[in-house]
Amino acid sequence: MAHFIVTFRIASDSGYQERYDSFVEQVYKVAVGGIGSTWDETTSFFSFVAVGTAASVCNELYMKSSFDGSKDIMVIIELDSRTKATKGPIKYANTLNGTLGF
């Protein structure tokens, strides 16, 4: 198992609430221990333990929720291996890479 953080933005449009709820529900399913095992006190951010890699967790959240990769954004960071995976239109990828350091 690995330690993850996910930050995300769901685009504000008519489908926002459905995509948001679906994405959050899937985070709880991915996290070992479910809903009570995630830290989510700030907006659009979770930390949790899960099985997999940054890429596999990102893919699972993308494929098993209503996340729309054409307009929503997520960044998954696996803290133990210092790796990340992203989905959606990241405008400032170089800044993200530079500020994370990997």
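Predicted model: local features only at pLDDT ≥ 70, side-chain atom pairs only at ≥ 80, totals over all residues.
I began with Ser22, and once its neighbours within four places in sequence are left aside, I find Ser22 in contact with Ser65 and Ser66. Ser22 lies in helix H1, and I noted it as buried because its relative accessible area is 15%, where buried means under 20%.

**Entry on helix H2.** I next looked up which residues of H2 are buried, and they are Ala54, Val57, Cys58 and Leu61. They sit on the same side of H2, because the arc they cover around the axis is only 100°. The face turned away from that buried side carries the exposed residues Ala55 and Met63. What do the buried residues of H2 pack against? I found strand S1 (2-9), helix H1 (16-30), S2, strand S3 (73-78) and strand S4 (83-87) as their packing partners.

**Entry on Tyr62.** Tyr62 also has its place in helix H2, and with a relative accessibility of 26% it counts as partly exposed. Leaving aside neighbours within four places in sequence, I listed Phe67, Gly69, Met74 and Lys87 as the residues in contact with Tyr62. I also checked Tyr62 against Gly88, which is 26 residues apart from it in sequence, and the C-alpha to C-alpha distance is 9.7 Å.

**Entry on the hairpin.** I followed S3 and S4, which pair in the antiparallel sense over 5 bridges, and noted that Ile76 has Ala85 in S4 as its bridge partner. The two strands form a hairpin with 4 residues between them, and in the turn Arg82 has a positive phi of about 55°.

**Entry on salt bridges.** A search of the whole structure gave me 6 salt bridges. As background, side chains of opposite charge can pair when their charged atoms come close. Which residues are linked in a network of salt bridges? I wrote down Asp13, Arg19, Asp68, Lys71 and Asp72, and then looked up some of the pairs in turn.

Asp13 forms a salt bridge with Arg19, with the closest N and O atoms 2.9 Å apart. Asp13 is partly exposed at 29% relative accessibility, whereas Arg19 is buried, with a relative accessible area of 6%.

Lys71 forms a salt bridge with Asp13, and here the closest N and O atoms are 2.5 Å apart. Because Lys71 lies in the loop between H2 and S3 and Asp13 in the loop between S1 and H1, this pair ties together parts that are 58 residues apart in sequence. Lys71 counts as partly exposed, at 31% relative accessibility.

Arg19 also forms a salt bridge with Asp72, where the closest N and O atoms are 2.8 Å apart. This pair links distant parts of the chain, with Arg19 in helix H1 and Asp72 in the loop between H2 and S3, 53 residues apart. I noted that both Arg19 and Asp72 are buried.

**Entry on the surface.** I turned to a nonpolar surface patch of about 330 Å², which is made by Met1, Val32 and Val51. Val51 lies in the loop between strand S2 (45-50) and helix H2 (54-63), and it is exposed, with a relative accessible area of 62%. Last, I looked up Glu41, placed in the loop between H1 and S2, which is exposed with a relative accessible area of 65%. The C-alpha atoms of Glu41 and Lys64 are separated by 23 Å, with the two residues 23 residues apart along the chain.

Terms used:
Residues numbered from 1 in each chain as written. Heavy atoms only, no water. Patch = residues over 30% accessible without salt bridge, like charges linked within 9 Å, V, L, I, M, F, W, Y side chains within 5 Å. Areas by Shrake-Rupley, 256 points an atom, 1.4 Å probe, with all protein chains shown as cover. Salt bridge = Lys/Arg side-chain N within 4 Å of Asp/Glu carboxyl O. Buried < 20%, exposed > 50% of the residue type's maximum accessible area, 1.4 Å probe, protein only. Arc of directions from axis to C-beta. Contact = heavy atoms within 4.5 Å. Pairing = 2+ DSSP bridges.
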